[in-house]
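Biologist: Hi! I'm new to this one, could you walk me through it?

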Amino acid sequence: MLKTHRSSVVLKRHHGSSVELLPHDVVELILESLAVKPLLKFRAVSKKWKTTIDSRRFKKRQLIRRVQSRGPDVIFVYLTDFDDDDDGLDTDAPSIVLGSATASTVRFPTTGSLFCRNSCDGLVCLYCHYEPSVVVNPATRWHQTFPLSNIQQLLLDRSDKPEFLPTPKLGFGKDKLRGTYKPVCLYNSSEFGLDNVTTCEVFDFRTNAWRYVVPASPCRINDCQFPPVYLDGSLYWLTETEGEEPNVLSLDLHTETFQVICKAPVAHLRDLFDRIGDMLCIVDDRLCFSETHSLTQVIWSFDSSGKTWKKLCSIDLAKTRTWIDEQFFPLTPIATLDESKLLLRGDDASQALLIHDLHANSFDFLFQPPRPIASVSYFQSLLSI
């Protein structure tokens with residue numbers, strides 16, 4: 001006899017046969033409320049349960065329930081080096097409880113040394129300029145690699161030549177209407193001898209090939225900045241500007257069209273090189289802009305309905321001196337913890353993880369990784385591509 005919580009009997013075995021004592025739609029509702037780990041085990045209960053749990057419809061509904069019931073979890077991904085032969089999944093590190101969230105440390109089966117800033121439906125994308133990229137579901141350990149983009153192949157072909165070329169950064173998101181996932185590579189064209197302003201490549205998992213988006217962005221992007229961020233069906237970049245506020249550029253992943261949606265709320269106009277710490281980020285499911293000037297970092301939250309910015313917080317970077325080697329580097333927001341706290345990562349060599357209390361304006365040290373990591377918030381799901 002198999003039981004759920006307390007005394008609710010779901011399945012009873014009679015001489016090798018299984019009979020559900022509850023209607024199967026009720027069983028589905030119960031299963032949808034469970035985390036991924038027990039669901040993977042419950043696939044072995046019966047063929048009917050396995051078929052249910054493996055269905056795309058159930059996976060989507062389980063993710064919706066997960067998002068509605070709690071905040072995101074956090075993973076710290078050890079990024080592999082080119083001489084690192086251990087491509088197994090390292091899950092021996094203990095998990096850390098952060099309020100209602102859990103932070104886990106893992107290693108993915110890839111040689112990727114870079115990562116897309118945000119997860120999408122519980123999927124995380126890692127990449128490298130000279131190796132195939134990979135999409136991973138940290139909860140199920142499912143993963144799928146995809147080939148180099150055209151610009152990555154060009155960089156690989158020129159890797160032995162004494163020339164400096166910028167390294168485009170990958171974005172990863174979802175066409176919400178079609179439900180298809182799309183890695184995107186947007187880069188300025190002139191640095192590669194191309195005539196158009198920018199070039200955009202999108203990977204199609206159905207054909208296992210990259211294709212060009214035409215027209216690409218009419219604005220050059222700040223390729224010194226961090227990778228693009230994903231939110232609600234669109235990817236976002238900062239544009240390259242001199243002597244004025246940068247614009248926020250969006251790519252709708254369904255229509256594959258670019259649009260400048262607003263100006264970033266820059267308080268201090270500086271040249272392009274001095275704005276290297278400016279970044280877009282996602283905090284509490286909102287598009288945010290972070291600006292660093294001297295030892296002050298200000299994070300603004302965007303109201304998409306009114307196209308206005310509201311100050312979320314101001315961070316005194318001098319208070320992080322104990323843990324952060326270079327106070328002029330910004331802190332990257334990773335996740336909101338219990339509404340009033342931000343999980344932040346130092347972008348200097350230390351990569352220290354800190355928790356910032358927005359009300360008390362104080363910091364707590366979490367830990368400092370022994371090697372480079374990617375820090376990503378995500379909702380555990382059963383989904384794959």
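**A first look around**

Modeller: Happy to! Let's begin with phenylalanine 42, which is partly exposed, with a relative accessible area of 24%. Keep in mind that this is a predicted model.

Biologist: Which residue forms an aromatic pair with phenylalanine 42?

Modeller: That is tryptophan 49. The two rings sit edge-to-face, 5.9 Å centre to centre, with 70° between the planes. Tryptophan 49 is buried, with a relative accessible area of 2%.

Biologist: And how many aromatic pairs are there in the whole structure?

Modeller: A search of the whole structure turns up 12. There is also an aromatic cluster formed by Phe146, Phe203, Phe205 and Trp210.

Biologist: Let me step back a bit. How many helices and strands does the chain have?

Modeller: The chain has five helices and 27 strands.

Biologist: How much of the chain is buried?

Modeller: Of its 385 residues, 50% count as buried. The accessible surface of the chain is about 18,300 Å², and carbon and sulfur atoms contribute 52% of that.

Biologist: Nice. Which residues are buried in helix α5?

Modeller: In α5, which spans residues 150–157, the buried ones are Ile151, Gln152 and Leu155. Looking down the axis of α5, these buried residues fall within an arc of 100°, so they line one face of the helix.

Biologist: What do the buried residues of α5 pack against?

Modeller: They pack against four strands: β8 (124–127), β9 (133–136), β12 (180–188) and β13.

Biologist: OK, what sheet do β12 and β13 belong to?

Modeller: They are part of an open sheet of four strands, in the order β11-β12-β13-β14, with antiparallel pairing. The edge strands are β11 (170–175) and β14 (209–212), each pairing on one side only. From one strand to the next, the twist averages 30°.

Biologist: How many bridges join β13 to β14?

Modeller: Four bridges join them, with β13 covering residues 198–204. Phenylalanine 203 has tryptophan 210 in β14 as its bridge partner, and both residues belong to the aromatic cluster. Aspartate 204 is bridged to alanine 209 of β14.

Biologist: And what happens in the hairpin of β13 and β14?

Modeller: Four residues lie between the strands, and asparagine 208 takes a positive phi near 55° in this hairpin.

Biologist: Is glutamate 256 buried or exposed?

Modeller: Glutamate 256 counts as buried, at 15% relative accessibility. The cut-off for buried is under 20%.

Biologist: Which peptide bond is cis?

Modeller: The one from valine 214 to proline 215, with omega near 0°. Proline 215 lies in the loop between β14 and β15 (229–231).

Biologist: One last thing, where is arginine 66?

Modeller: Arginine 66 is in helix α4, residues 56–69. With 11% relative accessibility, arginine 66 counts as buried.

Biologist: What does arginine 66 touch?

Modeller: Leaving out residues up to four places away in sequence, arginine 66 touches Ala35, Asp73, Phe379 and Gln380.

Biologist: Great, thanks for the tour!

Conventions: Residues numbered from 1 in each chain as written. Predicted model: local features only at pLDDT ≥ 70, side-chain atom pairs only at ≥ 80, totals over all residues. Heavy atoms only, no water. Helix = DSSP H or I, 4+ residues; strand = E, 2+ residues; numbered from the N terminus. Buried < 20%, exposed > 50% of the residue type's maximum accessible area, 1.4 Å probe, protein only. Areas by Shrake-Rupley, 256 points an atom, 1.4 Å probe, with all protein chains shown as cover. Phe/Tyr/Trp six-rings, centres within 6.5 Å; stacked < 30°, edge-to-face > 60°. Pairing = 2+ DSSP bridges. Axes fitted to C-alpha atoms, helices over the stretch in contact; angles between N-to-C directions. Arc of directions from axis to C-beta. Contact = heavy atoms within 4.5 Å.
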